[in-house]
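I am opening a notebook page on this entry, with the sequence and the coordinates side by side.

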Amino acid sequence: MKRLLTGIAMLCLAVTATATAAPLKVSALHPMMADLARQVGGDRIEVFDLTKGNNLHHFEPKPSDMATMRSSALVLASGKGLESYLDGLRASLGKVPVIEVGKTIPSLTVGKDAVYSSCPHNHGHSAGGLDPHWWLGISNMKRAARVISKELAAIDPAGKTTYQAGYKAYAKKLDDLKRWAKSELATIPSGQRKLVTSHNAFAYFAKEFGFEVIAIAGLSAEQNSTPQHLAHTITDIRDSGVRAVFPETNTSDKSLNAVAKQAGVTVAPPLIADGTKSGKAITFEAVVHHNVNTITRALTAQ
Amino acid sequence: MIRPAWISTPLAGTAAVFAVLALLAIPLHRLTSGSAAAALTTPAGDADDSTATPAVLYLRLLADADKVSITTPDGTPVWQLDPAPAGEHDIDATLTLAHHQTELTLTASFPQSANETAVFLTVEPDHLASQTQHAIGSGQITETLHFSWPE
Ligand SMILES: [Zn+2]
């Protein structure tokens, strides 16, 4: 009898353990939101990055993605207008909450913020539009990690201390990362602290680290510039005295290469704007390391 | 934690506070901004201009405090920490912003025997950049901190 009771007790324990061990399903519509969720939620959650290395500016969920989201406890979007399909998605998902992680983070407006030294003209590259690329700011990501920790705790109150601890540990990591980035970028001469990129995605980064943005293309890498704007950009680059311009992984660099040739500057190795490298998602920390090292090398080269 | 003997002298304590401030890259001229801000009064502002704004407050204490409280200048409680151990703390709050400005009164009680120390209060309203102000002192510190953002 005693043995039977022990057996039942162990079975109950095993069932309870399985029940509590099932991780919370979280879907992400952005590789950087997926990374944030993993950092904050650890083993307590299972994260599905639905974008799978595809271009974020054109991504729309497929039926299989809809099924994944329907079975998730939470869907994470980056917000600021990047996911233009959110209203329809919310209507279709019903009870599953869709969180715009970057919603409360201060926005930059293309061409309006002081970070733009060369104002994109009013054609074809979203001048006056909200810049969605907030995830390229380290302090923004720290702020976003707290948002995710709160949202996870709201859905899974039993995990609150885990999420808080995950957020605090990651926040500390990001503080260290920002200190490192600052000290690396400080080696760039002040006259070279200008970012000419093929995809107008680096304003939040530029603002955080004291760079100016000279925008060639639009917010999404495919928005083409007009010949007049390109001519204007070539003059701007020549006048700025900057040594290198930056293409981006996963995008066409035709315009940038032409501009660089005309302006007589180097084309540096590509930067990572939207969180994927060679079609694969990488961590935010890896994105920062890659971009900071690439920018520092190119703008300190003699 | 065992502290080296030098840190227990009041002068060394002050030096330590300044060293931490230097690490946090706070310009020396801003050390006086707290008291200067205390003299400012909230712009009267018509009632219509005040908006209740969700914000995150972060408190960074360099030493253990017996108690810390944050209130609006008229005494409405915003945050109470009792006890308030050294380190970072955060809370969600709703602040009233008038003309993109707000004032918060910080009261911190440290053990009477303790050295001079600093308290940093960071305010991060939704859609606005975070801002940090601080107060320095020993024993009972009371200071009204002023936060403002470009409109
Ligand atoms: Zn982009």
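Which residues of helix H3 (residues 63-70) of chain A are buried? I looked them up and found Asp65(A), Met66(A), Thr68(A) and Met69(A), where buried means under 20% relative accessible area, exposed over 50% and partly exposed in between (1.4 Å probe, protein chains only). Seen down the axis of H3(A), these buried residues fall within an arc of 160°, so they line one face of the helix; the arc is that of the directions from the helix axis to the C-beta atoms. I noted that what covers them includes strand S1 (24-28), strand S2 (45-49), S3 and H4 of chain A, with contact taken as heavy atoms within 4.5 Å. Helices (H or I, at least four residues) and strands (E, at least two) are DSSP runs, numbered from the N terminus.

For the record, this is a predicted model, in which local features need pLDDT of at least 70 and side-chain atom pairs count only at pLDDT 80 or more, while totals for chains, interfaces and linings use all residues. Residues are numbered from 1 along each chain as its sequence is written, chains are lettered from A and ligands numbered from 1 in the order in which they are written, and side-chain values use heavy atoms, with hydrogens and water left out.

I then turned to the backbone. Lys80(A), in the loop between strand S3 (74-77) and helix H4 (86-93) of chain A, has a positive phi near 55° although it is not a glycine, and at 9% relative accessibility it counts as buried. His127(B), a residue other than glycine, has a positive phi near 70° and is partly exposed, with a relative accessible area of 47%.
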